[in-house]
Amino acid sequence: PPRASLELVAEPLADGWVLVTVDDVSDRTRIDAMRTDFVANISHELKTPVGAIAVLAEMLEDETDPEVVARVASRVVAESHRAVTTIDDLLELSRIESTRLADDIVDLSDIVDGAVARGRGADGGERVEVTAFGAKGDIVLRADRRQLTSAIGNLVENAVKYSDDDGVVQVRTRADDRWVEVMVSDQGVGIPTRDLDRVFERFYRVDRARSRETGGTGLGLSIVRHVASNHGGECVVSSQEGEGSTFVLRLPASLVVDAADLTDTNES
Ligand code: ADP
């Protein structure tokens, strides 16, 4: 059989204990080749945190030192969150793939402001500066509010997540007679050219160790791409490794509604 590739993440707990998570990535390399096998992917993604929970829980059975118990318990909590986040993202993706678009009237700036507020919150408001440009009522669309919220939220969340300390994240919106664009740019780690095409694939991550640290599921950008295509648009990325990335969510200008035409049925 081919040699197994293993990925090791070691994490000191206390009293000389080290939690070593061994991820068999040879599986994944194979799974990449049969990407259509979504179930295998999901199983693999869930097996990692659930496997870690099992090992940690076993440690807890024999452990009496309260400090070690506390450290191990917090790892159990973290791995549980990871499993739940993966399941939540999968449910979101499946909802986005299978349900019809809602016909909401959305003010793009509301969605951007919400995403920016959450982006700042995710960071504790300290590490990365997140700024939105664009005024209320500038761009009003007929679109699925929930889906746009999810897509723009994912882009801003990623920009913050993959920024270095003191990074700056900017969200700009613009419209011309063909496209409405939401541009999310960061000065973070960037994406190597060879990975640019693949980041929108389900479960694809450039740097698994980093993504794991930041709680990434590898599903965010596939959600974004689906939302874009559901609305007749697309999402594109340009990036320079070590310099930063810009993601552009592009929606057809035909979705724009003239705010002046809105009657009292306006929901936003
Ligand atoms: P994740 O949950 O891992 O962030 P995504 O689907 O949102 O998954 O993104 C896929 C991968 O693309 C990430 O793991 C990361 O490697 C890369 N990526 C996404 N956004 C950025 C960004 N703004 N800067 C650098 N890398 C990014």
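## Ligand shell, cavities and an aromatic pair

The structure holds two cavities of 30 Å³ or more. A cavity is a set of points on a 1 Å grid over the protein atoms alone where a 1.4 Å probe fits but cannot get out. This is a predicted model, in which local features need pLDDT of at least 70 and side-chain atom pairs count only at pLDDT 80 or more, while totals for chains, interfaces and linings use all residues. Residues are numbered from 1 along each chain as its sequence is written, and side-chain values use heavy atoms, with hydrogens and water left out.

**Ligand surroundings**

- The ligand is surrounded by 21 residues, with N158, Y162, D186, T217 and L221 the closest; a residue counts if one of its heavy atoms lies within 4 Å of the ligand.
- By class, this shell has ten nonpolar, eight polar and three charged residues. Here Ala, Val, Leu, Ile, Met, Phe, Trp, Tyr, Cys and Pro count as nonpolar, Asp, Glu, Lys and Arg as charged, and the others, Gly among them, as polar.
- At least two shell residues come from each of α5 (145-161), α7 (220-230) and β9 (244-252), and α5 gives the largest share, three residues. Helices (H or I, at least four residues) and strands (E, at least two) are DSSP runs numbered from the N terminus.

- A polar contact is a pair of N or O atoms within 3.5 Å.
- In the side chain of D186, an N or O atom is 2.8 Å from a nitrogen atom of the ligand.
- Oxygen atoms of the ligand lie 2.9 Å from a polar side-chain atom of N158 and 2.7 Å from a backbone N or O atom of T217.
- The protein buries 97% of the 530 Å² that the ligand exposes when taken alone, by the Shrake-Rupley method with a 1.4 Å probe.

**Largest cavity**

- The largest cavity contains about 60 Å³ of space, a volume being the space filled by probe spheres set on the grid points.
- Its lining consists of L108, S109, V112, D113, F133, G134, A135, D138, I139 and T173, where lining residues have an atom within 4 Å of a point.
- Helix α4 (residues 108-122) supplies the largest share of this lining, four residues.
- The lining divides into five nonpolar, three polar and two charged residues.

**Aromatic pair**

- There is one aromatic pair in the structure; rings of Phe, Tyr and Trp (its six-membered ring) pair if their centres lie within 6.5 Å.
- The pair is edge-to-face because the ring planes of F200 and F247 stand at 75°, with the centres 6.2 Å apart; planes over 60 degrees apart count as edge-to-face, under 30 as stacked and the rest as tilted.
- F200 sits in the loop between β7 (179-186) and α6 (208-213) and F247 in strand β9, so the pair links distant parts of the chain, 47 residues apart.

Definitions and conventions. Polar contact = N/O pair within 3.5 Å; in protein donor to acceptor, adjacent residues only side chain to side chain. 1 Å grid on protein atoms, 1.4 Å probe; cavity = no way out; pocket = protein on both sides within 12 Å on 5 of 7 lines; lining within 4 Å.
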